[in-house]
Amino acid sequence: MGHPDEPLILLSRITFDYGSGPVLEGVGIGVAAGEIYGLLGADGAGKSTLLRIAVGQLQPQAGEARVLGRPVTAPGLAPGLAYMPQGFGLYPDLSVEENLAFFADLHGLAADVAATRIRDLLQRTGMQRFGRRRAGRLSGGMMQKLALACALVSEPRAMFLDEPTTGVDPVSRRAFWQLLNGVRAEGVAILYATANLDEAERCDRVGLLEGGRIRRQGTPDQLARVEGRRLFTVTGPGVRQALAALRRLPGVEWVFPRGRAAVLWLRDGSGTEAVRHRLQRIAPALRLRETVPGLQETVLWELAQRSRDGS
Amino acid sequence: MKRQRVAAMARKEWWHLLRDPRSLALMLLMPTMLLFLFGYAIRLDISEAPIGVLDLSHSAAGRELQARFDASSAFAVTRRFDHHAGLRAALQRGEIWGALVIPADYSRRLQQGGAVVQLLLDGVDANTARLLRNYSELLVTTLARERGGGRPMLTVEERVFYNETRESRLAIVPGVIALVMAVIGALMTSLTIAREMELGNLVMLRTTPLTRGEFLLGKLLPYFVLGMLDLAVATAAAVWVFDVPLRGSLPELVLVSGLFLLVVMLQGALISMLAGNQLLASQIALVQTFLPAFLLSGFVFAIDNMPLLLQYVTYAVPARYFVTLSKAIFLKGLSPLLLWGVSGALLLMLLVLLRLCHVKARRLGLGG
């Protein structure tokens, strides 16, 4: 058994290579009980690989994956962890209840315990009315909720979700997250892989996986802050046409359009008033106001920076 | 191995089967269809084949020979000719399948012990021509023997053993059962694991306590039950529809069939795991089971007549052993224990395939 303070999910210095160059290099992540850790990265960043290592389906060349205080390959660990892989399709010709009952049986639950738990899960997922509906006839969002329910049937203490809301509409995604927040409240440690910045902002902590390494990790607020930089929003008629001129303003690091506005990063110490003054000369109707940066603005800016620097 | 998990897996497979009308129809209708198709369509004997006669001898001995052909159930003398031209024209038009030409000196040479008759055959259908030749040889040789003095004018080769009525279906039907079971067993199981892989669910199953033994057993159990049901239907049809005598023991037939079914099912499971998708798996299963079971099992074509290399290949075809065993049980009333080499080969195949499936299932990441 591990140390009492050891996170329920602990990945230490994970290095992995499929044979065509390293996919992961010294990745370290810890997820505590009742925490959702967002593993944020673009497609092909190695998120799925890391999750498969975390559940013991891939062996890293270096490093160790521990779950619930034990190496993930230790026998008897299965009931304590749940994995929802990307593209998990359930069994479309089985009903919602049959899918749940199947996983309950695989986890060896007694019939009465399974029945109670299935009832509870149907209620939590809001699918009581759909118990007998074939999984193949559910909407995309409901299908994902059912997949999560199947993963929850064994009452795991550690969960690994690989982009579970891909292709799900925003309303269903919100419902999925409500469900997930309930699971977090029960003390489950959740490692959540996503390429979606909105979803990453819902996590307790986020690790930005890029180039096989965790570039930065922390709470979404911590990650959103950039030392020596401030974020401003420019609004007003003609803002789109003024983008090129905005990029030439003194102290401006990066400009990108967002809806009917433009967002710009300014170096600290660049006189805000001077910028505002220059802005009036470009287009008198444009307004400049300082904005609290979110994860989206920061990550997009960082990625653009690295892309520009070629690193 | 935990019974609850095996039952869960087996129950799930039942549901897949029952809710997929195409699979269910394949499992239930295909055996009957194959049995009737092969039982009636493939014939290795002839009946009332239309032939013509050109009797140039105009003798009593010539008429006796004609009468023998006419009296045989294999032939029907439908045309009599006066000259070769008419005979050839009828043969060319396909009005007759063959013709018997009795030479002018037939009667005289018969008395001397050296008569020869000529048989003209339509060679378009080589198999029918071969059958006509065999039957004619038999008829003529029998007549020569009865007359005592004349030596056999044509060489006759006995074709069918243990099939007194010379009906090919008696030999074919037990072979069809092998074909049915090979196809159903391998084809259906070839889809089951590939489907799991296609759905992406195998990855999730790996994180459950399910072991690979439980996985395989649960997967195969429903198909085994259905396969044995198919065997029951095929055996009943063989005995009551095709009048094939079941001279051996029924429990031994069930035992041997169960063993064979397991072998082909494991073959299907292995194909399924190797292919990884249903389309490819079903294609490989058909090529790997149906064709060898049809062509290389001795079901239709005698293994001894095959080129030596192909004869060696047949040793790797499970249907070869089952065809031998089922024919032995049905027609000879033999116990599979007496054919211990054949039964042992099937058992060995079962063990080898079981090991290969186990290894492959471990490579797929299933625990246990």
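**Entry 1: a strand in chain A.** I began with β7(A), where A:Ala158, A:Phe160 and A:Asp162 point one way, A:Met159 and A:Leu161 point the other way, and all are buried. By buried I mean that 20 or more other C-beta atoms lie within 10 Å of the residue's own; 12 or fewer makes a residue exposed, anything in between partly exposed, and the C-beta atoms are placed from the backbone. Strands here are DSSP runs of E with at least two residues, helices are runs of H or I with at least four, and both are numbered from the N terminus. In a regular strand the side chains alternate between the two faces of the sheet.

A note on conventions before going on. The model is predicted, so I used local features only at pLDDT of at least 70 and side-chain atom pairs only at pLDDT 80 or more, while totals for chains, interfaces and linings use all residues. Residues are numbered from 1 along each chain as its sequence is written, and chains are lettered from A and ligands numbered from 1 in the order in which they are written.

Why is β7(A) largely enclosed by the rest of the structure? Five of the five residues of this strand (158–162) are buried, so that is how it comes out.

**Entry 2: its partners.** I counted strands as paired if DSSP finds at least two bridges between them. β6 of chain A (residues 81–84) pairs with β7(A) in the parallel sense over four bridges, and A:Leu81 has A:Ala158 as its bridge partner.

**Entry 3: the nonpolar cores.** I took a core as a set of buried Ala, Val, Leu, Ile, Met, Phe, Trp, Tyr and Cys residues joined through C-beta atoms within 7 Å. The largest has 151 residues, and those touching the most other members are A:Ile9, A:Ala54, A:Leu100, A:Ile190, A:Leu191, B:Ala178 and B:Met181. Helix α7 of chain B (168–199) gives the largest share of this core, 17 residues. Apart from it lies another core of 25 residues, including B:Ile51 and B:Phe69.

I then looked up A:Ala54, counting a contact when C-beta atoms, placed from the backbone, lie within 7 Å. Beyond its neighbours within four places in sequence, A:Ala54 contacts A:Ile9, A:Leu11, A:Ala65, A:Val72, A:Phe160 and A:Leu191.

**Entry 4: where the chains meet.** How many residues of chain B are in contact with chain A? I found 20, against 22 residues of chain A. On the chain B side, α1 (3–19) and α8 (201–205) are the elements that give two or more residues. α1(B) gives the most, with seven.

**Entry 5: chain B overall.** I found 14 helices and four strands in chain B. Buried residues make up 40% of its 368 residues.

**Entry 6: a loop residue.** A:Arg240 sits in the loop between β11 (229–235) and α8 (243–247) of chain A. Is A:Arg240 buried or exposed? It is exposed, because 10 other C-beta atoms lie within 10 Å. From A:Ala111, A:Arg240 is 129 residues away in sequence and 63 Å away in space, C-alpha to C-alpha.

Notes
Contact = placed C-beta atoms within 7 Å.
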